Amino acid sequence: MSMNDPIARGLASGWNVTDASKLTADQTVEADVVVIGTGAGGGTTAEILARQGLSVILVEEGRLYYQKDFKMDELTAYASLYQEGMSRVTADGAIAILQGRCVGGSTTVNWTSSFRTPDETLNYWSQSFGLDDLTPEAMAPWFGGREERHTMAPWQTPPNLNNDILRQGCEKLGYSWQVIPRNVKGCWNLGYCGVGCPTNAKQGALMTTIPGALDNSAQLFHGLRAERLVMNQDRIDHLQASAMGPDGVHPSGVTVTLKARHFVVAASAIGSPGLLLRSELPDPHQRVGKRSFIHPVNATVARMSAKVDPFHGAPQSIYSDEFNFKHGVDGPAGYKLEVPPLHPAMAAGVVPGHGKEQANNLGQLPHMQSVIALLRDGFHPDSPGGTVSLREDGSPILDYPITDYLWQGIREAYLHMAEIQFAAGAEAVQAMHLDSDWYTSWSQAKAAINNLPMKPHRARLFTAHQMGGCGMGADAKNSVVNGFGEHHHVTNLSIHDASIFPTSIGANPQLSVYALAARNSARLAQRLVRA
Amino acid sequence: MSDHSLKNTSDDQPELSRRGFLKTGLGGALLLSTVSLTAGLTGCATTPAGRISAVDTRTDARYQFQFLSRDDIALFEALLPAMFAGALPEEANQRRFAIAGTIERVDQGIAMFGPANQQELRKLFDLLNFAPTRIALARVWSDWPSVSTEDADAFLNRWRNSRIGLLNNGYIALTKISNVAFYGHAPHWHVSGYAGPPAWAVDALPQFHNA
């Protein structure tokens, strides 16, 4: 493997990395801090703590994949890099959940969109959850610091046509649009962010904070599942973990016991509540797993006369916030408009269908364009979110009922997406809904979409952003951690991932996670170095 | 059962009996687990087929099935010609080869789904392979090996258009795993007009050149 690859180079230089599937005997290890999860939150935490001279062990259930594995192939990537081999869904199966499961977590497979937490969201958190310290002004330096660490900047290259159609449609209709900031360095504009960046341009955790932590003597276990945090009196004594076998799916039977002064959980908005529930940690107000948010996503596809080639070029470069906060922060559901990349398997999984109709639809993939709406959930009493609970086998599952409030937003989003696509010259538009035909004019689409049944399964829904479930707040009665991610009831436990968001973000959440984790880790480092 | 599932039955006469039979949520899950158990007890193949002879099933004898049973394979052999009408090769051998390969990739994909979703699919496949539930819920009267492409297509449309969410979900599950395994496979990329990763990038990247 090329020694230009930082991971290959680091491994050769003697990084302390253990593939747990290779362990043959149970073992016990110890450090100042055990960090569970290696995504946006875990990576940031590990690097900051390790740089302060603390000994850190990182635990990752997925495996370590890097440049040598990233071959721009959907089938291998979906099977190896995503939760449940890309088959994760909500409890009733109505919403597909896209979520990373590998070193770097979702930052290894995300589409690189890098937004600060909107001011409206931070202000709402201050007002509604007593998070007075998280003002836009107070957070600005943390966003700035992380933008620098992850090389985030508005994309300078012209957008691909898939994205430009969103721009053109918005421009025609007088809707606002902007260029998306991306976390890339020397990006080749290929379009394969979702299957592991083949060129190491993406500055996710895998290229930044994970190497940063490992360079500072942190230890990484991958293929190791955090089973249970075990308490001794009012503190966590150790983490019990299971090594996964070579397939990465079934435990091998070998266990690892991890002892530490402090534990940081950053296992995602589904994994973190799951771990806390399995561990039966104190939860006097039954808050763990509640208020889980997902930015429910619906989509329309358009057939353009021009060749769009929606599989090539930076996947997301244009967005519109025209409808995000239009009705205020807590009015009818707002949504951000973006564009998804469409490779054959993704398109075939997203576009529901079979037979000749499906063959015809996918046969025109090069002329296909798609817009997605990300609904801002959690800001209204009629959007209380979902619930993470445990299956019989102890694995976490998210139940997410779609309320009428959200259905209203979903229908409105279908309408505006179709309107934008027709304004940009679409020949035909189809809502990703089992009852939608191809519509050939905006007026036809408008009438038909207004009559589509807004029902689970019939409307095809997705989420790539899991948030909440261990919400932060000043009041222990309605939150799990405080504004610094410190657990309300367990003194040596912090949570540093998207699970602490008390609502959704209203933008792709990676920078929100990086920034909050950086802020909370700086404070934690001070605490631990002093002690 | 929960009143949620009971109060939904009134507006939907033709579906009434099935609604009473197959409840959404917990009721559905309970029924499906019973099906799985019963199917196993009555001799349906519910264990992975492992390596099976090429003569026997038209699949590659070297492939080791990890999840799909012989009955599941027969199910997919019946469904895929309808699923990929217009996309499969016309020539008989190529066609058989494409179907068999897709079933193997379905198996490979499911192997990475993990135990929880595998269990869900086991229930779905058992329900489709166990004659009483196949007839009651899929309205497919004969065993899958004797189901015509037209009948398979009609079954898929029934589940797609059903007003029962659980059956829509079954349709989505069947089509999604099949669609991904078929259209995502490099030799099938041309079907969707996808040329693959740009050749210049493949040439320039080290991971494509190490032996």
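This briefing covers the chain contact, the domains and the nonpolar core of the structure above. It is a predicted model, where local features need pLDDT of at least 70, side-chain atom pairs count only at pLDDT 80 or more, and totals for chains, interfaces and linings use all residues. Residues are numbered from 1 along each chain as its sequence is written, while chains are lettered from A and ligands numbered from 1 in the order in which they are written.

**Where chain A meets chain B**

- Chain A puts 46 residues into the contact and chain B puts in 42 residues; two residues are in contact if their C-beta atoms, placed from the backbone, lie within 7 Å.
- On the chain A side, helix H3 (74-81), helix H9 (344-350) and helix H10 (355-363) are the elements that give two or more residues. Helices (H or I, at least four residues) and strands (E, at least two) are DSSP runs, numbered from the N terminus.
- H10(A) gives the most to that side, with six residues.
- By class, the chain A side splits into 22 nonpolar, 15 polar and nine charged residues. Here Ala, Val, Leu, Ile, Met, Phe, Trp, Tyr, Cys and Pro count as nonpolar, Asp, Glu, Lys and Arg as charged, and the others, Gly among them, as polar.

**Domains of chain A**

- Chain A is assigned domain 1 (6-112 + 115-149 + 192-291 + 468-530) and domain 2 (154-182 + 297-376 + 403-455), with bounds that come from an automatic or database domain assignment.
- Taken over C-alpha atoms, the centres of these two domains are 31 Å apart.
- In chain A, 13 residues of domain 1 are in contact with 14 residues of domain 2.
- H3 and helix H4 (119-129) of chain A each supply at least two residues of the domain 1 side, and H3(A) gives the most there, with three residues.
- That domain 1 side has seven nonpolar, four polar and two charged residues.

**The largest nonpolar core**

- This core has 222 residues, and A:Val34, A:Val35, A:Ile36, A:Val56, A:Leu58 and A:Val59 touch the most other members.
- A nonpolar core is a set of buried Ala, Val, Leu, Ile, Met, Phe, Trp, Tyr and Cys residues joined through C-beta atoms within 7 Å; buried means that 20 or more other C-beta atoms lie within 10 Å of the residue's own, against 12 or fewer for exposed and in between for partly exposed, with C-beta atoms placed from the backbone.
- Helix H10 (residues 165-183) of chain B gives the largest share, ten residues.
- Domain 1 and domain 2 of chain A both give residues to this core, so it lies between them.
- Leaving aside neighbours within four places in sequence, A:Val35 has contacts that include A:Gly42, A:Thr45, A:Val264 and A:Ala266.
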